[in-house]
Amino acid sequence: MEKVLIIIGDASETLDTMYPYYRLIEAGFQPVVAAPEKRLYQMVMHEVKAGWTITKEWEGYTLQADIAFKDIVPEEYAGIMYSGGRAPEYIRYDESLVKATKHFFAANKPIASVCHGVEIPAYADCVRGRRMATVPKCKFDLEVCGGIFVDEPCVVDGNLVSGRTFHDNGHYLGPWIQLLEASRDK
C-alpha cells in the first residue's frame, strides 16, 4: 500500500486534517501523519462566528504523529498534504520539512494544500508562478513568495491541488486523490 504524508502540528485544523486522512484510507493509501516530533498533537476547530470579524478557535480532536519531520524519507511517499490551522505558521521553518517539501515539488508528486497549509510550500520557495487557493488572509503569504492567489474551492496547477478552507474539502480532495490514483496505476 502506497504511503502519503499528512503534515500537521499543534493547532492543525481538525476538518482540514481528518477528512483527507480518511479519504486516503478509502482510496487504498496509507496516510502517514508527520509532525515536528512523534507524539500526540492537539488539533483545533476554526470558524468565523456571526458578529465576529476574525476566526474563533476551539479544541478539536487529538492525533498521533506517526513520524517526525527529521525522519521523513521523501522517496518512500506517493504524495503529501499540508493541513491548515495555525500549525503551518510555526512548523514551516523546520529544515527537514522544507527539504521534504522541495522533494515533492521537484519530483512532481501529487501535493494538496488547504487554508494556512500554503505557508509551508511558500516558505520553502516552491510556489513561484503557481496558482493556488488558500484562505484569503494567507493571500499575502502566497503572493509575497511569488504564487498566484485564486479564490476558488479547487485549484489544480499540475501536481498541486489546493482549497481555501475545510468548506472546500468536497471540491479539492477528489482531484488530489485522482492524481494519487493515476500515479499509483502507472
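Is Val48 buried, exposed or partly exposed? With a relative accessibility of 47%, Val48 counts as partly exposed. Here buried stands for under 20% relative accessible area, exposed for over 50%, and partly exposed for what lies in between, with a 1.4 Å probe and protein chains only.

## Before we start

This is a predicted model, in which local features need pLDDT of at least 70 and side-chain atom pairs count only at pLDDT 80 or more, while totals for chains, interfaces and linings use all residues. Residues are numbered from 1 along each chain as its sequence is written, and side-chain values use heavy atoms, with hydrogens and water left out.

Helices (H or I, at least four residues) and strands (E, at least two) are DSSP runs, numbered from the N terminus. Together with Trp52 and Ile54, Val48 forms a nonpolar patch on the surface, and the three share about 300 Å² of accessible area. Patches are made of residues with over 30% relative accessible area and no salt bridge; like charges are joined within 9 Å, and nonpolar side chains (Val, Leu, Ile, Met, Phe, Trp, Tyr) within 5 Å. Accessible areas come from the Shrake-Rupley method with a 1.4 Å probe, and for residues only the protein chains shown count as cover.

## Salt bridges

How many salt bridges does the structure hold? There are 12, each one a side-chain nitrogen of Lys or Arg within 4 Å of a carboxyl oxygen of Asp or Glu. One of them joins Lys3 to Glu76, with the closest N and O atoms 3.3 Å apart. This pair links distant parts of the chain, 73 residues apart: Lys3 is in strand S1 (residues 3-7), and Glu76 is in the loop between strand S5 (67-68) and strand S6 (77-82). Lys3 is partly exposed because its relative accessibility is 22%, and Glu76 is partly exposed at 44%.

Arg130 pairs with Asp157, their closest N and O atoms being 3.5 Å apart. Arg130 lies in the loop between helix H4 (119-123) and strand S8 (131-132) and Asp157 in strand S10 (residues 155-157), so the bridge ties together parts 27 residues apart in sequence. Both Arg130 and Asp157 are buried. Another bridge joins Arg184 and Asp185, with 3.6 Å between the closest N and O atoms. Arg184 is partly exposed at 30%, whereas Asp185 is exposed at 58%. Asp10, Glu37 and Arg39 are linked in a network of salt bridges.

## Two positive phi angles

Most residues other than glycine have a negative phi. Ala11 has a positive phi, near 75 degrees; this residue is in the loop between S1 and helix H1 (14-26). Cys115 has a positive phi too, near 55 degrees, and is placed in the loop between strand S7 (111-114) and H4. Ala11 is buried because its relative accessible area is 9%, and Cys115 counts as buried at 9% as well.

## Sequence and space

Ala78 lies in strand S6 and is buried, with 12% relative accessibility.

Now take Ser183, in helix H6 (residues 169-184). Ser183 and Asp141 are 42 residues apart in sequence and 30 Å apart in space, C-alpha to C-alpha.
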